[in-house]
Each structure stands twice: as structure tokens, then as C-alpha cells.
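User: Hi, I'm new to this one. Can you walk me through it?
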There are 2 protein chains.
Amino acid sequence: MLGLGGSVATPQEGITAPVLVVRSFEELQQRASEARGKIVLFNVPFVEYGQTVAYRVRGAAEAAKSGAVAALVRSITPFSLRLPHTGGMSYADSATRIPCAAITVEDAERLQRWQERGQQTMVRLKMSAKFLEDVRSHNVVAEISGREKPDEIVLVSGHLDSWDVGQGAQDDGGGCLQAWEALRLMHQAGLRPRRTVRLVLWVNEENGLAGAKNYAQRHRSELAKHVLAIESDSGSFQPTGFTFKGSEPARTVVEQIGSLLEGIQANQIISGGAGSDVEQLAPAGVPVMELKVEASKYFWFHHTAADTVDKVNPKELGQCAAAMAVMAYVVADRPEDLPR
Amino acid sequence: MLGLGGSVATPQEGITAPVLVVRSFEELQQRASEARGKIVLFNVPFVEYGQTVAYRVRGAAEAAKSGAVAALVRSITPFSLRLPHTGGMSYADSATRIPCAAITVEDAERLQRWQERGQQTMVRLKMSAKFLEDVRSHNVVAEISGREKPDEIVLVSGHLDSWDVGQGAQDDGGGCLQAWEALRLMHQAGLRPRRTVRLVLWVNEENGLAGAKNYAQRHRSELAKHVLAIESDSGSFQPTGFTFKGSEPARTVVEQIGSLLEGIQANQIISGGAGSDVEQLAPAGVPVMELKVEASKYFWFHHTAADTVDKVNPKELGQCAAAMAVMAYVVADRPEDLPR
């Protein structure tokens, strides 16, 4: 059992209460009268991250509205070896800030089975999670200055921070390395594109996006000349292409460039949101992209003690770096600007 | 980190010593002079269980011969989510009984990397594993008495005990259920074969085979009339057939019966050893079998906290039970004896 970001510490002696297991927010609403004074467990099978993670993010607030004294969340993963997955959560201003923790899929299923056979289970929840004061930290920035238009910028990036239970090798150490490698490959090949290629390793993606928000603020006068911002934050697996959010004319260009990656089957361009950090630049009109990869195992490791470097296949990491390097280099070097 | 069966408890304050990581017994021999006073870690990648488990079984004894103060073993698994795997081990009479524990694949690989970059790592090993006094326990036996030759016995079995870190759902709860189901299916279908079909749920497979050894002793006068003994102890996955150890004429019969299971692709008969329990009956001439299954994931769960009931696919469990029921029923009901 692990604390989640933003959780309120429980008293030293813990909270002991009966557990109510629900499969959805709808079931909680139907059984709201049973939730009062209990620990509500959201035992929701993984369907798709964006959908299932709502229970980690909003579970405590929804449980509190029904009078629960704490919330538990089944770890957000399609596969478990008795491993809890942590991650961000938030409270509602209108609801009591009750403690919230993630438990393993196996333990959630066991509590479900006990409930279904009519057994009332008491849970003792003891956590030591707490917020510390913020400390000063930094994005890491490096660049190859453009040979013709050094003030125009193609940004490649990953995020430096990770959940402390593991090493953050997939989320997002590999993304940082890919972006770093993209610059290193250009440098090694003696390539200096027309525009500047800037590497940014974002700090604090997981817990508030302070690095990206700060960048968007400090560099706001340059954002009109940010031609494209790419992030990799879906792990270092076999690359399949990129998401893209920008104008249709820009998309056409990006698809043409993507076709250069057909040889490694990384040529798909999918409309849709990009990594959380580069999304902070989108409101200023910056076209944004995220590297997409074969994603079937990413959430096996995500936000766990098992997100370790042995999970990264060096060949796949290299292919990701190559895909990012090609996209960044060609956009940075083509004579025409990427249309906004 | 988990204690292994048979480990000697460390002192309350633990053992603190530098670690020496080796990839094989051969490497330990080459570096024997470095091992003295150290904690030796066997970081051996999983190849095949029978081969790799030698490091869990003999690692402590081999390390002790080189003067090591404790042994660590990389968990015996092809895939890890930071989960330690426990299991049996043994000491050599000629070597000091040093403590021994399993660590995760990830942690073993990390210690290897640190060693390879020239870093000396201190490990503090603190364990509370100990032997308690044996207590009386029992095999569970049930049978459908044969309608013509009730003194001739076809035995179906699994083992009741498991490593206490998990539930033992795959090792070997499912095997017990399969054997139980084989009898239940016959009973439900109103089938009473010529010979007796006896269910045995063995106790103490994991830690000395006391149940099977006791059975072999107490029932020794009946063993000449044990026509066949089947065990399931490789998990409840898609069945592929059976191993068989017995005479060539018997093997021919068993292959013919196995062909009845072609419809569920469970018709392979492979020469080779059977489950550890029924192997105790083999010296008396009893032909023995083990149900074989699609085994790619069994060792992901084996001897861990993740060997829980959610890992068992009910359909696959049912197919295993069907395969065992068919084999046991036909051998028990055919007019001719199974040749020895």
C-alpha cells in the first residue's frame, strides 16, 4: 500500500473502519447511504488509462461526498504481481480531504470477493504521506543553435522527475534519454539544422507541471517562434509514430516527414494531445507532438517500484531516439516554416 | 527480501558485509578468494527452472565453502515486477549453515551494475526465518470405489500446501481442484468405473514430501495394485497433455487414451518425471504421470505473494480437470490392466 501524491496523513494510530467496495462512481452513488463512516474502495478494472485513472484522481473527493472516512483505489494497471501503483490525485474544494491510498489489484479483488460473500471487512489504514515545502528545482536545457534562424526553435523533451517508489526508467528516464540522444546524434553526425533544436528535460511533471508552466511563462516572448514542441512520455518501447496537435497544413507536413520513419514502422501520425509538459505551450499556438510507442506493457510498470532500468530494451530506446531525431531535424532544417 | 525454507535466522542486528555478485558457480570458484567474509549474490538469469533453481537449492552451501557469511539468490523467474520468489533450499553437511535469502531480479541486476562499475556495496541482511517444531498434519483422501476391482486404484492428486507468501493458487491449489473435479465430474455423470479412482491431496510437498512419503509407507501393501498415479503441479493453464514414466506397453495405452483429448489439444504424452509426490510411488513400480500445461507464465507467480486466485483462468482450470478426468476414468474403466 502506498501513499498517493496529495494525500492527507492519517493519524499515527491509523484509521480503522469497515470497507465498502464499489465498481464505479455510479455504484457509489447508488450505495451512498452505506458509505458513511466507511473506507470506500474503488475496485475498477483497467480499461484504458485516461478512463480508469479517474478513480485515482477523483476517488477521494467522491468518497468524501458520501461521508467516507478514507478512500482506497485499485492500482491502475492491466496486470499485477501484487505491486501497488501510486500517482497523482486531487481533492474537491467542497469535500473533506480524506486520506487515500492505492492497493494492489489482488488485494482489491480479495476485498471484493469477501464483500460478495457477505463478509464485513475491517481495514486499518495507516499512512505517513505528507506534503513538504516546495524547494527550488530546475528544468535542464541544452541546444544546437540554428545555422540560419537561431531564434526559431524545435523543442525535444522528456520529464526528469518520477514517482519515488521506483527509478522512473520508463516514466520518464527513457524519454529524457531519447531527447538527449536526438541532439547527440545530430551533433555526432555534424548536422546543424537551419533552426535551433532545443532539449528540455522538464522538472515536476508528475506533481503539478511546475517546470513546463514556468517555461511557458519565462519564454512567452519566444513562443511565437517555437516551431514545434515534441515530448516523449509513454515509455521506451517500439515506436509507432507521433500524436500531433496543430493546424491541418502543419499536419500534412508532419505526415510527410513521418513517412521517412516507415522503415522502422514509426510513421503513424495520430491527431490528439501531446505530453503534459509540451501541452503547456499549446495555448500559445505552438504545435505539439508526443512520440507514440507500442504501449501494451507501459502500465505494468507505471508509477511502481518495478519501473527500473532493466525494463528498457536498449534497441527500442534507440529506435525511439531515432524517430525523435528525424522528426526534429527535418522540421528544424526544412527551408519553409511549419505552418501554424 | 524473503526468507527461504531451511534458512538459518540471522542475529537480531543482522549481518552487514560487502557483497560479491557472481553469475554462476564457476565464477564463484574463480573468485573464491574474494568471497571470504562477504555476502555472495548469485545473479543468474532464468533459463529453465530445473537448471536455474540449483542456485537457490545449493547456493548457500557453495557460498559457505568459499567462506561467505551469507548468500543471496536472484529470484528464480523469467519476469519480475520487483517481487521476490521464495522456495526450498538445502545445506551441505560439510559446509557452515549460513543465512540465505532471495532478492528480486531488479535488485540483483542493480547490485551487478554497481559491482561492474567498481563500486563496493555493503548489504545488511536481517531475517527472521526459523524452523518450528513439526506438527501433525494430513493428506486428504476421497475415492469412488470401483464397481468390479475396487482394490485396484487409479490415483489423481495435487498438493495442499503452498509457500506462505501467497495463496498458492497456481502452486498447487488449482492442481487440488483439478483432481477433486475429476472425481466430481464422474460422480455427477453417474459414472462408476471398474477400478477405484482415489483422490489424494498431498500435504507438505514444498518442504520435504512428508505426505507422499508417508502414503508410500502406509499403503505399501497396496502399491502393487496402484494402476496409475497422476499429479497436477505445474499450474492451471491450457493443458497440453501428460508426462509419463512407466513401461513401453503402458505408454502405448496411455497415448491411445491421450488421443481422446485431441479436441482440446491436450494429447501430448511426454516421457519424463511426474510430480514430486507421485514420484514417491514410482520406486514401487507404480506408473506415474503429471498433467502438462502451457507453462510460459507459471514461474512469474511461483512461490510469491502474487500466486493468488485471480491468476487462475476458470476455463483453463476446467480443461485441466477434464483432461485429468478423461485419463483417470479410461484407465480405471478399461477391461484390461495397464501393463507394468
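Analyst: Here is a short tour, topic by topic.

Analyst: This is a predicted model, so to speak of local features we need pLDDT of at least 70, side-chain atom pairs count only at pLDDT 80 or more, and totals for chains, interfaces and linings use all residues. Residues are numbered from 1 along each chain as its sequence is written, while chains are lettered from A and ligands numbered from 1 in the order in which they are written.

User: Okay. How many residues of chain B are in contact with chain A?
Analyst: 10 residues of chain B are in contact with 10 residues of chain A. Contact here says that the C-beta atoms of two residues, placed from the backbone, lie within 7 Å.

User: And what classes are on the chain B side?
Analyst: The side of chain B that touches chain A has 5 nonpolar, 4 charged and 1 polar residues. Ala, Val, Leu, Ile, Met, Phe, Trp, Tyr, Cys and Pro count as nonpolar; Asp, Glu, Lys and Arg are charged; the others, Gly among them, are polar.

User: New topic, helices. At what angle do H6 and H10 of chain B pack?
Analyst: About 55 degrees, with the axes of H6(B), residues 169-188, and H10(B), residues 314-333, 8 Å apart. Axes are lines fitted to C-alpha atoms, for helices over the stretch in contact, and angles run from 0 to 180 degrees between N-to-C directions. Helices (H or I, at least four residues) and strands (E, at least two) are DSSP runs, numbered from the N terminus.

User: So what do we call that arrangement of H6(B) and H10(B)?
Analyst: H6(B) and H10(B) are oblique to each other. Under 35 degrees counts as roughly parallel, over 145 as roughly antiparallel, 65 to 115 as roughly perpendicular, and the rest as oblique.

User: Is the crossing of H6(B) and H10(B) left-handed or right-handed?
Analyst: The crossing of H6(B) and H10(B) is right-handed. That label applies if the near helix is turned clockwise from the far one by less than a right angle; anticlockwise is left-handed.

User: Which residues make the contact?
Analyst: From H6(B), they include Gly174(B), Leu177(B) and Ala182(B). From H10(B), Met324(B), Ala328(B) and Tyr329(B) are among them. By class, the contact of H6(B) with H10(B) has 12 nonpolar, 2 polar and 1 charged residues.

User: What about H6(A) and H10(A)?
Analyst: Their axes come within 8 Å and cross at roughly 55 degrees. H6(A) and H10(A) are oblique to each other, and their crossing is right-handed. The contact includes Gln178(A) of H6(A) and Met324(A) of H10(A).

User: Which residues touch the most other members of the largest nonpolar core?
Analyst: Ile230(A), Met324(A), Ala328(A), Ile230(B), Met324(B) and Ala328(B), in a core of 128 residues. A nonpolar core is a set of buried Ala, Val, Leu, Ile, Met, Phe, Trp, Tyr and Cys residues joined through C-beta atoms within 7 Å. Buried needs 20 or more other C-beta atoms within 10 Å of a residue's own, exposed 12 or fewer, and partly exposed is in between; C-beta atoms are placed from the backbone. In soluble globular proteins, nonpolar side chains tend to be buried together.

User: What is Met324(A) in contact with?
Analyst: Leaving aside neighbours within four places in sequence, Met324(A) is in contact with Val156(A), Gln178(A), Ala179(A), Ala182(A), Ile230(A), Ser232(A) and Leu291(A).

User: Switching to the backbone. Where are the cis peptide bonds?
Analyst: One joins Asp171(A) and Asp172(A), with omega about 15 degrees. Another joins Asp171(B) and Asp172(B), with omega also about 15 degrees. Asp172(A) is in helix H6 of chain A, and Asp172(B) is in helix H6 of chain B.

User: What is phi of Asn204(A)?
Analyst: Near 65 degrees, a positive value in a residue other than glycine. Asn204(A) sits in the loop between strand S9 (195-202) and helix H7 (210-218) of chain A.

User: Is Asn204(A) buried or exposed?
Analyst: Asn204(A) is buried, with 20 other C-beta atoms within 10 Å.

User: And Arg124(A), buried or exposed?
Analyst: Arg124(A) is exposed, with 11 other C-beta atoms within 10 Å. Arg124(A) lies in strand S6 (residues 122-125) of chain A. Beyond neighbours within four places in sequence, Arg124(A) is in contact with Gly14(A) and Thr16(A).

User: Last one: where is Gly241(B)?
Analyst: Gly241(B) is in strand S11 (residues 239-245) of chain B. Gly241(B) is buried, with 23 other C-beta atoms within 10 Å.
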